[in-house]
Amino acid sequence: MSVNQRIPDYDLDDLLVVTAPEQLRALADPLRGTLLELLLERAATVNEMARAVDRPKSSVAYHVNQLVDAGLLRVVRTRRVRAIEERFYGRVARTFYVGALHRPEDKQVVARINGLAEAAAEAAAAHAADELRCTLVHARIPIEDVREFWAEVQALARKFAQIPRAGDQVYGFAAGLYPTDAPSLPDAADERD
């Protein structure tokens with residue numbers, strides 16, 4: 001599997017820590033999330049994005065403007081088409097990380113952003129067609145290992161996003177790391193007591 005280091009086709013930061021209320025609200029909208037995901041592939045015009053999501057251009061333009069105003073999208077290049085300057089939009093960062101939240105309303109907005117729930121809904125048809133590849137594993141590990149493992153998962157997700165575009169099918173890659181009440185065995189030393 002080859003990796004294309006030039007996906008997307010514009011420069012962007014690796015990470016943006018998101019804490020501003022307008023950024024959080026912008027990220028919470030499912031259509032805006034889809035638009036941001038599309039722009040991981042390449043820069044695009046409002047018209048191209050509208051065709052990709054099968055929505056009116058005016059509706060997509062509204063959402064693009066919201067993302068630009070929130071500092072999550074920017075114009076990465078322009079092209080003159082007849083008398084009009086066509087704008088190509090790109091993300092400001094490859095990864096948006098939700099930082100420390102202090103206001104209760106911000107925490108409520110972030111609680112609505114659940115990539116695993118979205119992935120589960122997207123995966124329903126693949127599950128029914130027996131085309132779903134998935135795994136769920138539990139491990140009792142210290143928080144330092146959680147942080148290290150999550151960094152590796154994010155690197156794998158970036159690698160997945162940089163695979164050269166080909167084929168007719170779009171595939172989703174979902175990962176989650178969360179505390180759970182799943183049972184675990186006691187330490188072996190505890191058993192001898």
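1. A crossing is called left-handed if the near helix is turned anticlockwise from the far one by less than a right angle, and right-handed if it is turned clockwise. By this convention, the crossing of H3 and H4 is right-handed. Helices (DSSP H or I runs of at least four residues) and strands (DSSP E runs of at least two) are numbered from the N terminus.

2. Basis of the note. The structure is a predicted model, in which local features need pLDDT of at least 70 and side-chain atom pairs count only at pLDDT 80 or more, whereas totals for chains, interfaces and linings use all residues. Residues are numbered from 1 along each chain as its sequence is written, and side-chain values use heavy atoms, with hydrogens and water left out.

3. Overall composition. The protein comprises 8 helices and 4 strands. Read from the N terminus, the order of elements is β-α-α-α-α-β-β-β-α-α-α-α. Of its 193 residues, 25% count as buried; the term denotes under 20% relative accessible area, with exposed meaning over 50% and partly exposed the range in between, for a 1.4 Å probe and protein chains only. Contacts (heavy atoms within 4.5 Å) were also classed by separation: among those in the protein with a separation of 6 or more, 69% join residues 24 or more positions apart.

4. The nonpolar core. A nonpolar core is a set of buried Ala, Val, Leu, Ile, Met, Phe, Trp, Tyr and Cys residues joined through side-chain atoms within 4.5 Å. The largest such core has 27 residues, of which Leu 35, Met 49, Val 60, Val 64, Leu 72 and Phe 96 touch the most other members. At least two core residues each are supplied by helices H1 (21–28), H2 (30–38), H3 (46–53) and H4 (57–69) and by strands E3 (84–91) and E4 (93–98). H3 provides the largest share, 4 residues. In soluble globular proteins, nonpolar side chains tend to be buried together.

5. Met 49. Which residues does Met 49 touch, not counting those up to four places away in sequence? Its partners are Leu 35, Leu 39, Ala 44, Val 60, Val 64 and Tyr 89.

6. Packing of H3 on H4. Two packed helices are described by the angle between their axes and the distance between the axes. Here the axes are lines fitted to C-alpha atoms, for helices over the stretch in contact, and angles run from 0 to 180 degrees between N-to-C directions. H3 and H4 pack at about 115°, and their axes are 9 Å apart. H3 is therefore roughly perpendicular to H4, a class that covers 65 to 115 degrees, while angles under 35 are roughly parallel, those over 145 roughly antiparallel and the rest oblique. H3 contributes Val 46, Asn 47, Met 49, Ala 50 and Val 53 to the contact, and H4 contributes Lys 57, Val 60, Ala 61 and Val 64. By class, the contact has 7 nonpolar, 1 polar and 1 charged residues; Ala, Val, Leu, Ile, Met, Phe, Trp, Tyr, Cys and Pro count as nonpolar, Asp, Glu, Lys and Arg as charged, and the others, Gly among them, as polar.

7. Packing of H2 on H4. The angle between H2 and H4 is about 80°, with the axes 10 Å apart. This places H2 roughly perpendicular to H4. The residues in contact are Leu 31, Arg 32, Leu 35 and Leu 36 of H2, together with Ser 59, Val 60, Tyr 62, His 63, Val 64, Gln 66 and Leu 67 of H4. They divide into 7 nonpolar, 3 polar and 1 charged residues.

8. Tyr 62 lies in helix H4 and is partly exposed at 46% relative accessibility. Its C-alpha is 9.6 Å from that of Val 46, 16 residues apart in sequence. Thr 19, in the loop between strand E1 (13–18) and H1, is partly exposed at 38%. Between Thr 19 and Val 98 the C-alpha distance is 6.2 Å, with 79 residues of separation in sequence.

9. Thr 95. This residue of strand E4 is buried, with a relative accessible area of 18%. Beyond four places in sequence, Thr 95 touches Asp 14, Leu 15, Leu 16, Gln 154 and Arg 158.

10. Positive phi angles. Asp 54, which is not a glycine, has a positive phi of about 55°. Asp 54 sits in the loop between H3 and H4 and is exposed at 70% relative accessibility. Arg 82 likewise has a positive phi, near 55°; this residue lies in the loop between strand E2 (73–81) and E3 and is exposed at 80%.
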